[in-house]
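Thank you all for coming; please have a look at the sequence and the model on the screen while I talk. I will begin with the overall fold and then turn to one pair of elements.

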Amino acid sequence: MLHRAAFSAFALMTLAACGPSAPAADTTHGVSTDPVAATGFITVNTPAPDTASDSRDDGVLRDADGRPYRYAFLGEALPDFVAPLHAGGTFDSAAIDAWTIIDVWGVWCGDCRKDSPYASELSERLKSDPEIDFISIHTPSSAVRADDAFGKFGSLDAYFDEVGYAYPVAMDADASIRNALQIAWTPTYLLVSPDGVVRGFRTDLSVAGDAPVDAFLADIQTVIDDISS
């Protein structure tokens, strides 16, 4: 199938949870302070609260911690992209033909490191689910910080070796995919339907309360059931 390509001046913006500076200690990440935080599963029918604000002057409504309440392509076709897989081979978004979760993250990002155990759990559980695929995209915070994409670890292999698990990763070496997808926070999870439309998204699982993977999978199943009915 063919998806509409998209690219704009958004590519010039640095829209990262951890920002363009060096990553801070992990204790400062994986935290939500807003009582109506953008930490749940969001679909086209999910309204932003009155407290939402364009705090970064980039057209994205966010909560007090910077998490977005909306995603640029929510309810629309996912932009086309092709990326090399860390384990070899290529991921082509145009080949999506099943429900697919896309996790956009980076080792440089403390919020992503807090979230990676949940991403690993999600990946493992979906291995036995014939209805839903999982892929992550490792991206730097911006093109100008591409050389620091792996932070203190230096490589994705070194990070996975340290944490003791791994999951499927497509590589966005220069933030071009991040920019094309207009990712406003890392980590961001996108739910894409078999016809290539973004049906939902959410930010960090690590700040979503108890059993966040269970809750996320339940939210996804609700969307699948609604669209299938």
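How many helices and how many strands does the secondary structure of the protein chain come to? In this model, which is a predicted one, there are four helices and seven strands. If you follow the protein chain along its sequence, these elements come in the pattern β-β-β-α-β-α-β-α-β-β-α.

Let me turn to the chain as a whole. The protein chain has 229 residues, and buried residues make up 50% of them. Among the contacts with a separation of 6 or more, 78% are accounted for by residues 24 or more positions apart. As for the surface, the protein chain exposes about 9,900 Å², of which carbon and sulfur atoms supply 52%.

Now for the pair of helices that I would like you to look at with some care. Helix 1, which covers residues 110–126, packs with helix 4, which covers residues 212–228, at an angle of about 55°, and their axes are 10 Å apart. Because of that angle, helix 1 is described as oblique to helix 4, and the crossing in which helix 1 passes helix 4 is right-handed.

Which residues meet there? From helix 1 we have Y118, E121, L122, R125 and L126, and from helix 4 they meet P212, V213, D214, F216 and L217. Sorted by class, this contact of helix 1 with helix 4 has seven nonpolar residues and three charged ones, with no polar residues.

Note on methods: Residues are numbered from 1 along each chain as its sequence is written. This is a predicted model: local features need pLDDT of at least 70, side-chain atom pairs count only at pLDDT 80 or more; totals for chains, interfaces and linings use all residues. Side-chain values use heavy atoms; hydrogens and water are left out. Helices (H or I, at least four residues) and strands (E, at least two) are DSSP runs, numbered from the N terminus. Buried means under 20% relative accessible area, exposed over 50%, partly exposed in between (1.4 Å probe, protein chains only). Contact means heavy atoms within 4.5 Å. Accessible areas come from the Shrake-Rupley method with a 1.4 Å probe; for residues, only the protein chains shown count as cover. Axes are lines fitted to C-alpha atoms, for helices over the stretch in contact, and angles run from 0 to 180 degrees between N-to-C directions. Angles under 35 degrees count as roughly parallel, over 145 as roughly antiparallel, 65 to 115 as roughly perpendicular and the rest as oblique. A crossing is left-handed if the near helix is turned anticlockwise from the far one by less than a right angle, and right-handed if clockwise. Ala, Val, Leu, Ile, Met, Phe, Trp, Tyr, Cys and Pro count as nonpolar, Asp, Glu, Lys and Arg as charged, and the others, Gly among them, as polar.
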